[in-house]
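Open the model in your viewer and switch to a cartoon view.

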Amino acid sequence: MTIDLTNGEFRSLLDLVYIGNWILNSTRGNDRIEEYDRIESKIFDLCSGTPLSALVEHRLGVAFPSRAFQEGGIQDAIAYYEDGVFFDILAEELAKRDMDYPEITGENYGELTERMEKYLAEFNENGVENVSIEGVDAE
């Protein structure tokens, strides 16, 4: 298979591959999905000998995203994603809790989204500053 990409398009592909593998494997510890690690390595190895060679490092014959790649803003993109997902999930869970964890149907979906929107507005304005948990002292 051959894919023609400009250096800019290939650079974007590197971001997508890295983020995809990071999402799938970053929390798995020793239970990583090795197929995704191999594909990431194969894609990053294509940087060798190109203007993008600074984005790859080799250890024991295996290609890895370089420190330059990892420190080049990709972690900011991941953090932005994590913040969005965190607040969306938290808003949904709090809204469901407020509704006493019903099965979500067409009849109560509007109430769920309305409650979620209120939480999201609060998080957007104040982050977690106003979140507290009974019985846990904030020292």
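This is a predicted model: local features need pLDDT of at least 70, side-chain atom pairs count only at pLDDT 80 or more; totals for chains, interfaces and linings use all residues.

**Stop 1: H1 and H3**

Select residues 7-25, helix H1, and residues 67-98, helix H3. Their axes cross at roughly 55° and come within 11 Å. H1 and H3 are therefore oblique to each other. The crossing of H1 and H3 is right-handed.

Now show side chains. On H1, pick Arg 11, Leu 14, Asp 15, Tyr 18, Ile 19, Trp 22 and Ile 23. On H3, their partners are Phe 69, Gln 70, Ile 74, Gln 75, Ile 78, Tyr 81 and Glu 82. Colour this H1–H3 contact by class and you get 9 nonpolar, 2 polar and 3 charged residues.

**Stop 2: H1 and H2**

How do the axes of H1 and H2 cross? They cross at roughly 160° and come within 10 Å. That angle makes H1 roughly antiparallel to H2. This crossing of H1 and H2 is left-handed.

From H1, select Phe 10, Leu 14, Val 17, Tyr 18, Asn 21, Leu 24 and Asn 25. The H1–H2 contact holds 8 nonpolar, 2 polar and 2 charged residues.

**Stop 3: the largest pocket**

Which residues lie nearest the centre of the largest pocket? Select Asn 21, Arg 32, Glu 40, Phe 64 and Pro 65.

The lining has 14 residues, and the pocket volume is about 260 Å³. E2 gives the most, with 4 residues. By class, the lining has 6 nonpolar, 4 polar and 4 charged residues.

**Stop 4: H3 and H4**

Go back to H3 and select helix H4, residues 109-126. The axes of H3 and H4 come within 8 Å and cross at roughly 130°. H3 and H4 are therefore oblique to each other. The crossing of H3 and H4 is right-handed.

On H3, select Phe 87, Asp 88, Leu 90, Ala 91, Glu 92, Leu 94, Ala 95, Lys 96, Arg 97 and Asp 98. They meet Leu 112, Arg 115, Met 116, Tyr 119, Leu 120 and Phe 123 in H4. Which classes make up the contact of H3 with H4? There are 10 nonpolar residues, no polar ones and 6 charged.

Conventions. Residues are numbered from 1 along each chain as its sequence is written. Side-chain values use heavy atoms; hydrogens and water are left out. Axes are lines fitted to C-alpha atoms, for helices over the stretch in contact, and angles run from 0 to 180 degrees between N-to-C directions. Helices (H or I, at least four residues) and strands (E, at least two) are DSSP runs, numbered from the N terminus. Angles under 35 degrees count as roughly parallel, over 145 as roughly antiparallel, 65 to 115 as roughly perpendicular and the rest as oblique. A crossing is left-handed if the near helix is turned anticlockwise from the far one by less than a right angle, and right-handed if clockwise. Contact means heavy atoms within 4.5 Å. Ala, Val, Leu, Ile, Met, Phe, Trp, Tyr, Cys and Pro count as nonpolar, Asp, Glu, Lys and Arg as charged, and the others, Gly among them, as polar. On a 1 Å grid over the protein atoms alone, a cavity is a set of points where a 1.4 Å probe fits but cannot get out, and a pocket is an open set with protein on both sides within 12 Å along at least five of seven lines; lining residues have an atom within 4 Å of a point. Grid points are joined across faces, edges and corners, and a volume is the space filled by probe spheres set on the points.
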